[in-house]
Amino acid sequence: MKARLIYNPTSGKEQIKKNVAEILIILESAGYEASTFATTPEPLSAQKEAKRVAEAGFDLIMVAGGDGTINEVINGIAPLETRPKVAIIPAGTTNDFARALHVPRDNMLSAAKVILKNQTIKADIGKAANTYFMNIAAAGHLTELTYEVPSHLKSVFGYLAYLVKGAEMLPRIKPINVRLTYDDGVYEGEASMFFLGLTNSIGGFETISPDAQLNDGKFSLIIVKTANILEIMRLVALMINGGKHINDSKIEYIKTSKLHADTTDDNFKMMINLDGEYGGDVPMTFTNLKQHIEFYANLDEIPDSAVSDELDSASDEFVKQVEILTKEDINGDGKISNEDKA
């Protein structure tokens, strides 16, 4: 059996390069003849290499990097009829897909050793026009966060960079007239954004699509029907507290295997975000490719801590402020925060 380690040498504060030799030893102990490829600044470097080794008959691609590098590897092999297995060593800011697979995110060698357990899952992959995604497709004003937070701030400040930028963007949110056609119907009306998720982990949160399954052939479609700032803040607070937002009247929460997204306003341009990168504009059709790629995963373990202390603290404070504004018990502790206690 042959394995290729495709790694981004700049991810993870350049720690990957120091661990390459030990990762190769792990691959070889799992029975693979292993080799490496370091991505370059050339566009789609990881994608082209993944396609090449898949066509050469490699059995496994182990990809080390952030969600962007993983997305490139997926795009390299998803169109092919015969696809190698994929193992992930997360080294990005949010590492959403690794989180969904329960792969350790705090130690690269521990992540590599997941293959030694020989547990895999055939996971769904999304297709948007001719591009593939493994985590989320989204559109709307807050989905522009990914474009607007500079990459160096993502690396240094992580989740806080998104929270601060998100708060800054809230006043700019405007309603969009959309037409979203899914398996069992059509939503036509105003929305501020929509999310089409494949996993339960989006932007570091595991409660946006709380019941998402990796291999059921269904997207979790979330339509946010309000553009009111206070209502959006309330929905975010409900989401943080156990995914309660999906039962709110301002949300449509739908399971579907496909989606066609369009606007009914010819003067409005709606950009699509695919796994955190610009993926084109509507109209666009999304298809769920059921159990399309086989990934190594920790199937028998409870996920390690999904949210950092930094995010816990910021989220708690956010919920307190929303309780003050809405006079509602958001976190379910039987009390409503007030100015004096906040």
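**Note on a sheet and a helix pair**

1. Strand β7 (residues 136-140) and strand β10 (residues 193-197) run antiparallel and are joined by five bridges, strands here being DSSP runs of E of at least two residues, and helices DSSP runs of H or I of at least four, numbered from the N terminus. Within this pair, Ala-137 has Leu-196 of β10 as its bridge partner.

2. The model is a predicted one, in which local features need pLDDT of at least 70 and side-chain atom pairs count only at pLDDT 80 or more, while totals for chains, interfaces and linings use all residues. Residues are numbered from 1 along each chain as its sequence is written, and side-chain values use heavy atoms, with hydrogens and water left out.

3. Helix α2 (residues 45-55) packs against helix α3 (residues 67-77) at an angle of about 40 degrees, with the axes 7 Å apart; axes are lines fitted to C-alpha atoms, for helices over the stretch in contact, and angles run from 0 to 180 degrees between N-to-C directions. That angle makes α2 oblique to α3, because angles under 35 degrees count as roughly parallel, over 145 as roughly antiparallel, 65 to 115 as roughly perpendicular and the rest as oblique.

Technical notes:
Pairing = 2+ DSSP bridges.
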